[in-house]
Amino acid sequence: MNATGKVLRLAAMGAAAGVLVAGIALPAVGGAGVGLVSAVKDVGLEPRDLPEPPLAQVSVVQDVKGREIARFYEQYREVVPLDEMADVMKTAIISIEDYRYYEHGPIDIEGTLRALARNMQAGGVAQGGSSITQQYVKQVLLNSADTEAEKNKALEASYARKLNELRYAMGVEKKYSKDEILEKYLNIAYFGAGAYGVEAAAKRFFGVGASRLTLPQAATLAGAVQDPNATDPNLGKTHRDRLLKRRNVVLDRMAELGKITAAEAAKAKATKLGYKGTKLPGGCESSKYPYFCVYVRNEILNNSDFGRTAKDRLRFLNRGGLTIRTTIDPSMQAAADAAIRKWVNPSDNPVAAEALVQPGTGAIRAMAASRPYGTRKTRKEMSYNLVADAAHGGGIGFQAGSTFKTFTLLTALKQGMKINDGFSVGAGYTAPGASAFRNCAGGSIGDPGHTVTNDEGSPGWLTLQTGTWHSVNTFFMELERRVGLCEVVKTAKSLGIHRSDGGALQEFETFTLGINEMDPVTVANAYAAIGARGKYCAPMAISRITDSTGKTTDYRPKCRQALDPEVADAAAHVLSGVLTKGTMAAVGGIGRDAGGKTGTNDNSSSAWFAGFTPDLAGAVSLGDPRGTSKYKLNGVTIGGRYYGEVFGASVPGPIWKDTMLKALSGVPATKFAPLDPSFGGCGQSCRPVAPPPDDTPVEIRLD
């Protein structure tokens, strides 16, 4: 039958079905062609421009040095150009899907004739007969669908959908060359086993790139696109057997068309399927740094810098083909991991978590925990981010304890107190009245019926220095009363302090004793501001993003001066004594200027240490995730060592020290700025006291 006859026959069949669907593959041929063109116009079968959103591609997460640490994706796909696909792959897919691909237009007349006749007999769309161009159109529409309803519409068995595909196919063939369309099709097609596009499929199925596919491998992938769910080799033997049969159909068709010899087909059919099931990279569970990975993912999903709506941000991450450069430092992460492993076992009930932050930038350099991250329901895995707040995949955190005394110290220094100003305190502290403490709403919240006692240190004459060194509760309760609870809260907030669960800070008189639940990233970042001479920088995990087009966006630290430099310097001077003369003296310093504060909660329900240098800050928490009120750190074995009672210097302090020694090895030591003379000595009403054992003169302010 000549071309005109084919057109007329197809037109007649289409009219019988109520729809005119063909003829667009050929120019007008004689009178029949003119009539057909007119009929095509009558049903509106004109070329239509196909909206082509960027293909969903894998986003790669890198460490600070550019090495891959994780991948995110909605569809695992790696887009490659046609010249990076093996010729045998192109031949195989054309042979089985559209052997006249380079000869016809948007549709294949013969294929459509066969399909339409079958469909008329079936009373619906029973056979596709689609060209590769039409298949590409269908895949674009399917991938563009946001809802299940839109996806179903893109796949529905109806003549309306088929007509719509034809209109778009006509537009695609006007816009692109055949090679360009083939490239697009091979990059968008789903092959099964979670692999989208031929490059991802080649790696997933056979562990090679698309450029290295052999004849049997190419035939396998070409066969898989027809019904990838039915032939998904990852779903078991039955599916693999179907795929093997389908591969052999492709090989027979290639031989029938003369693309390969019968001998080549027979040899290829004699080979095994060869499915390797190479694990798809990506996801935080498979990352070397899972807790940091979770942080990065949530930072993008919750930060308007990366998209106006939550939906926009999810698409940006999972479909954008991004290269995400982060702040994590592998050597510092290794230091934190090693220190935690030394002191806490994964099987221990209490868990340790640590964050390292760079002063002056807020860059998160490490996030480590004693238990692995995962979603399996085993006691050894944690399904949430132990190191971060709820906004970054974390939980409620642990009460920060005496690490909060630092904010009261800073407030006192801000108000002009000197490092040796002080007063006398007893073994217990009771608020002198309800109005002795007021929250930031102006409410009187003092509790005269509650007495705070000392867990560490002795009562008597204490200064900002000695009270801090020995972490005396009664001293800090009175100091907080004098400087004002609300002022202490404001100081803490200025350094980024917020509850891990996202709730409002609890502003009670025991605020200075650390009653709020915190996470290591937030605490480490607050202490980093002291190391940076009062410059507070928001926690930063992402430094650069390059999109699939090569456009790069750099993200700079978001910083502000939260404290006067002289105030931060004075606090650093005081806090350095904690390591040499105070609660950390038994653990010792790290051989360079450093300061910090231990934190132990009531009855050792949790324990902390937060410390800093001008170059690096870190915070370590320790607690039982089953519930700290019930499972306290008394009479416990941690890391194979028995502890009758755990303090901040028992486990968190040594973890911090070991981490810093290794993390800062090779980093030139930066000294603290000298103490401003205006913060030395004491105020006008002070008196000398007997020198302490180290012969350092001390003055204490009289009440």
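Author: In this predicted model, Tyr76 stands opposite Ala195, a residue of strand 5. Strand 5 covers residues 195-196 and pairs with strand 3 in the parallel sense, over 2 bridges. In general, strands of a sheet pair through backbone hydrogen bonds, either parallel or antiparallel. The open sheet here is formed by 3 strands in the order 3-5-4, and its pairing is mixed. Strand 3 (76-77) and strand 4 (190-192) are the edge strands, each pairing on one side only.

The helices may be considered next. Two packed helices are described by the angle between their axes and the distance between the axes. For helix 9 (residues 198-206) and helix 10 (residues 215-224), the axes come within 11 Å and cross at roughly 115°. The crossing of helix 9 past helix 10 is right-handed. On the side of helix 9, Val198, Ala201, Ala202, Phe205 and Phe206 take part, and they meet Gln217, Thr220 and Leu221 of helix 10. This contact comprises 6 nonpolar and 2 polar residues, with no charged ones.

A further pair consists of helix 3 (residues 87-97) and helix 11 (residues 237-256), which pack at an angle of about 90° with their axes 9 Å apart. Helix 3 is therefore roughly perpendicular to helix 11. Helix 3 contributes Val88, Thr91, Ala92, Ser95, Ile96 and Glu97 to the contact, while helix 11 contributes Arg246, Val249, Val250, Arg253 and Met254. By class, the contact of helix 3 with helix 11 holds 6 nonpolar, 2 polar and 3 charged residues.

Terms used. Residues are numbered from 1 along each chain as its sequence is written. This is a predicted model: local features need pLDDT of at least 70, side-chain atom pairs count only at pLDDT 80 or more; totals for chains, interfaces and linings use all residues. Side-chain values use heavy atoms; hydrogens and water are left out. Axes are lines fitted to C-alpha atoms, for helices over the stretch in contact, and angles run from 0 to 180 degrees between N-to-C directions. Helices (H or I, at least four residues) and strands (E, at least two) are DSSP runs, numbered from the N terminus. Angles under 35 degrees count as roughly parallel, over 145 as roughly antiparallel, 65 to 115 as roughly perpendicular and the rest as oblique. Contact means heavy atoms within 4.5 Å. Ala, Val, Leu, Ile, Met, Phe, Trp, Tyr, Cys and Pro count as nonpolar, Asp, Glu, Lys and Arg as charged, and the others, Gly among them, as polar. Two strands pair if DSSP finds at least two bridges between them. A crossing is left-handed if the near helix is turned anticlockwise from the far one by less than a right angle, and right-handed if clockwise.
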